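Here is my note on this model. Please keep the sequence and the structure open while you read.

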Amino acid sequence: MKIGIDTFGCEHGRSGIGSYLSSLSQNFKNTEETQFELFGAEIDRYTFGRDSNLTFESVILPDTIRAEKIWHMFLCNQFAKKQKYDALLFPASSYALPLLFTKPAVAVVNDIVSELFATKSLSERTRIKLGLKKVNKIIAPSNFIKKDLKRLGINQKKIVVVHNGVNHSVFYPREILTSEVEMIKPFAIRRPYFLYASKMSSPSKRHVELIKAFELFKKKTGLPHRLVLAGSEGEYAEMVKKAALISPNASDIFITGYFPHESFPALYAGCEGCLFPSEIEGVGLPVLEAMAAGIPVACSKSGALQEIAGEKAILFDSQNIEEMSLAIEKIASDMNVRKKLIKEGIDWAKKFNWENTAQETLEVLKSVAK
């Protein structure tokens, strides 16, 4: 069986879905029974193909979103036939997905589609919905996303929940550093600090509310902690920067912009706690990575986070500034709470690994290729 894996829409590894594909493809192994092949823009040969050791087939297109979407609508099926694929995997299905399929196909939905639709035109919403209704199977990384797809009228029988994994070879408890500065090129971040790793893409990410909760924490405790906001700059970035700039604690708020995923283990290792106030998470992988690294977590009750965190984190209402501030204070000041969160978090995170994710994904692909 030959499986084609679409790399379009994965932002050349510089996004959550890019990290997902990178980790997944590295755990796919070619056998006599099954061969995998990545396909997409030539640049992705060096982003995904190099690390995975899978073959890569370039699709020569203008480097525009419009060209890629037209290709998926009219030429993807022809390409799949030419490459003799027995099944196809579309990791970025909200971005690139054919409307009809002549080969068995599996779509991965890592987005909360109902939330995504709020920013899309009617034609885009129709295109995504039609593609998801026509595809053979859908992989959702959480039951929360599965329920969201049900609300959009997607047949529940075709949805399989396969949780994302954690790379335990890089995310693990490390020795606590004695240095006051965490050196992570090109950054030098003074400790102690809290970390929120998420793209500044929407008010529902609750960066501004976190800044206000951090202000309240600082005012109440007088502790020397800093707040590090690490993630790509999206449509919401200017609002977050403004909130940080006018904050009375502006000197203690550090915005990194895009942060390479391979550098996150060191960033986690130096932090006092992972804060994750986003209300629109369907995956919540940074929460699991922090737990695996032995870092206490406080996160929102909303979205998939409660499911993913398994109640091994302090849960709060992201719109309640005082509640969020209290969660930060507990992580910073209550050693019994810290120890409990760290121990339970490490044990919980062990349940998630990319080897299992890859195997379960392969089983879904095999089921449609029969």
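1. Start with strands S13 (residues 273–276) and S14 (residues 297–300), which pair in the parallel sense over three bridges. Two strands count as paired if DSSP finds at least two bridges between them. Strands (E, at least two residues) and helices (H or I, at least four) are DSSP runs, numbered from the N terminus. Cys274 has Val297 in S14 as its bridge partner. From S13 the chain crosses through helix H11 (residues 285–292) to S14, and this β-α-β crossover is right-handed. That is, with the strands pointing away from the viewer, the path from the first strand over the helix to the second runs clockwise.

2. S14 also runs parallel to strand S15 (residues 314–316), joined to S15 by three bridges. Here Ala298 has Ile314 in S15 as its bridge partner.

3. The model is predicted: local features need pLDDT of at least 70, side-chain atom pairs count only at pLDDT 80 or more, and totals for chains, interfaces and linings use all residues. Residues are numbered from 1 along each chain as its sequence is written, and side-chain values use heavy atoms, leaving out hydrogens and water.

4. Now turn to Glu124, found in helix H6 (residues 122–134). Is Glu124 buried or exposed? Glu124 is buried, because its relative accessible area is 15%. Buried means under 20% relative accessible area, exposed over 50%, partly exposed in between (1.4 Å probe, protein chains only).
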